[in-house]
Each structure stands twice: as C-alpha cells, then as structure tokens.
Amino acid sequence: MRFDIISIFPEIFDGWLSQSLLARGQKKKILKLTAHNLRDWTDDKHKTVDDRPFGGGPGMLMKVEPIMKAVESLKSKVKSKKSEKARVILFSPRGKKFTQTEAKRLAKYDQLILICGRYEGVDERVADYLADETLSIGDYVLNGGEVAAMVIIETVVRMLPGFIAKTESAVKADHAQYTRPEEILIAGKKRAVPKVLLGGDHKKIALWREKHS
Ligand code: ADE
C-alpha cells in the first residue's frame with residue numbers, strides 16, 4: 001500500500017517514518033510512505049501556497065492550484081496499474097470522524113493521498129472536487145493535518161497483511177497486564193501483581209482476564 005502525504009512541513013514526518021515498525025514495513029515492501037512538499041508544485045518565485053480569503057476575514061487559506069497539481073501527479077504514479085483503488089483524503093476538523101471502522105475501510109485501497117491543511121484552512125474546492133473524502137480525528141482543532149495523517153497511517157498499516165509479525169499481536173490485549181517486578185513501592189506503598197497471574201492455573205488466569213477486560 002502506498003501513502004503519499006502532501007504537506008508544507010514534510011520534515012515533520014522524518015523521525016516518525018524512520019521509527020522501527022514503519023521502517024520495517026517499508027523494507028518488507030508492505031507499504032511505501034512518502035511525505036511530499038506542497039511547494040514543489042508551485043511555479044512562482046516565492047513558492048506561494050496560501051492567499052487571502054475572498055470576502056475578507058483574518059488569516060490565510062491554502063490555495064487550490066498547488067494541491068490540484070500535487071494530487072494529479074501523485075495519482076498518475078500508479079495510474080498504469082489500478083488508479084481506481086486510490087483514495088484522496090483531506091484532513092479537517094469539519095470532516096467525518098475517523099474510527100477503527102474507517103481504518104478497516106481505508107486499508108482496502110492501494111494508495112492513499114493525504115492532504116494536510118495548515119493555516120486557517122483550505123480553499124473549499126479541495127474538499128468539493130479534489131478529495132474523495134474529508135476526515136477528522138476528533139472534535140478539537142489541530143495546527144494542521146500532519147498529526148491526523150500519522151494517526152490514520154498508524155491505524156491503517158496495522159491492518160496490512162504481514163505488517164505485524166506473527167510473534168506480535170495485531171490487536172492490543174484488551175485486559176489488564178503486568179510484567180516484572182512482582183512487587184514495587186509506589187509513593188511508599190507496596191504494589192503487587194495479582195497473585196493469580198503468577199501461578200500456572202490457566203483456567204483461573206483466563207477467568208481473571210475476562211473480569212479485567
Ligand atoms: N486539522 C485540524 N484539526 C483537525 C482534526 N481534528 N482532525 C483532522 N484534521 C485536522
């Protein structure tokens with residue numbers, strides 16, 4: 001699966017991209033992740049990506065042309081194969097709420113083109129005519145869509161076949177868990193691991209886990 005991120009701050013993704021799980025997924029050719037600089041699709045001297053809103057108002061809006069060019073050129077990269085399986089996503093707090101169900105749906109595409117908005121917003125024609133859908137990761141306002149893109153990518157890649165090694169679990173345990181030490185002093189009080197987990201009675205352990213899930 002291919003992820004193409006469009007951002008004016010592509011370097012935000014560098015450390016995160018080199019992080020072990022994502023790097024391993026790329027090495028195993030399960031995914032390909034690229035953070036592109038939107039300014040690469042401008043043709044003026046100042047590489048302008050924003051402008052004042054018509055009708056007045058504070059702040060700047062991201063322009064439609066560079067985003068249109070970026071989307072067109074990134075879509076064409078996989079056109080020879082099956083461009084119908086590409087999905088263009090815009091991030092905005094006004095978008096549809098992203099959930100695990102949405103992640104499952106997105107994991108079926110061959111390519112996600114992720115548009116990260118910044119400034120006060122994005123020319124509405126991006127949402128109306130360029131993006132297939134607009135997603136929000138929650139009811140709060142971020143400085144831009146970059147963190148939202150990371151959230152969505154991390155959730156989707158976990159569903160790709162082979163991304164999670166067989167020795168790891170794709171779904172985090174939904175019950176309380178403990179590891180060593182068996183006992184520790186926290187703020188002067190002895191805090192111990194439940195005794196049942198230290199014994200070998202698997203039936204009792206299963207019951208305990210069910211109760212604490
Ligand atoms: N951009 C700003 N806030 C956002 C949010 N909550 N979700 C997605 N993109 C955003």
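These questions and answers walk through the packing of a predicted model.

Colleague: Which element supplies the largest share of the largest nonpolar core?
Modeller: That core has 32 residues. Elements giving at least two residues each include β1 (2–7), β5 (86–97), β6 (111–115) and α7 (146–157). The largest share, 7 residues, is from α7.

Colleague: How many of the 12 residues of α7 are buried?
Modeller: Buried means under 20% relative accessible area. Among the α7 residues that qualify are Ala149, Ile152, Ile153 and Val156. The helix is mostly covered, and the count is 9 of 12.

Colleague: What distance does α7 reach from its first C-alpha to its last?
Modeller: α7 has 12 residues. At 1.5 Å a residue, 16 Å is expected. The model comes close to that, with a reach of 16 Å.

Colleague: Is Asp4 buried or exposed?
Modeller: Asp4 lies in strand β1. Beyond its close sequence neighbours, Asp4 touches residues including Thr34, His36, Leu74 and Leu114. Its relative accessible area is 0%, so Asp4 is buried.

Colleague: How many residues are in the second, separate core?
Modeller: This core stands apart from the 32-residue one. Its members include Ile6, Trp41, Met62 and Ile115. The total is 19 residues.

Note on methods:
Residues are numbered from 1 along each chain as its sequence is written. This is a predicted model: local features need pLDDT of at least 70, side-chain atom pairs count only at pLDDT 80 or more; totals for chains, interfaces and linings use all residues. Side-chain values use heavy atoms; hydrogens and water are left out. A nonpolar core is a set of buried Ala, Val, Leu, Ile, Met, Phe, Trp, Tyr and Cys residues joined through side-chain atoms within 4.5 Å. Buried means under 20% relative accessible area, exposed over 50%, partly exposed in between (1.4 Å probe, protein chains only). Helices (H or I, at least four residues) and strands (E, at least two) are DSSP runs, numbered from the N terminus. The expected span of a helix is 1.5 Å times one less than its number of residues. Contact means heavy atoms within 4.5 Å. Lists of a residue's contacts leave out its neighbours within four places in sequence.
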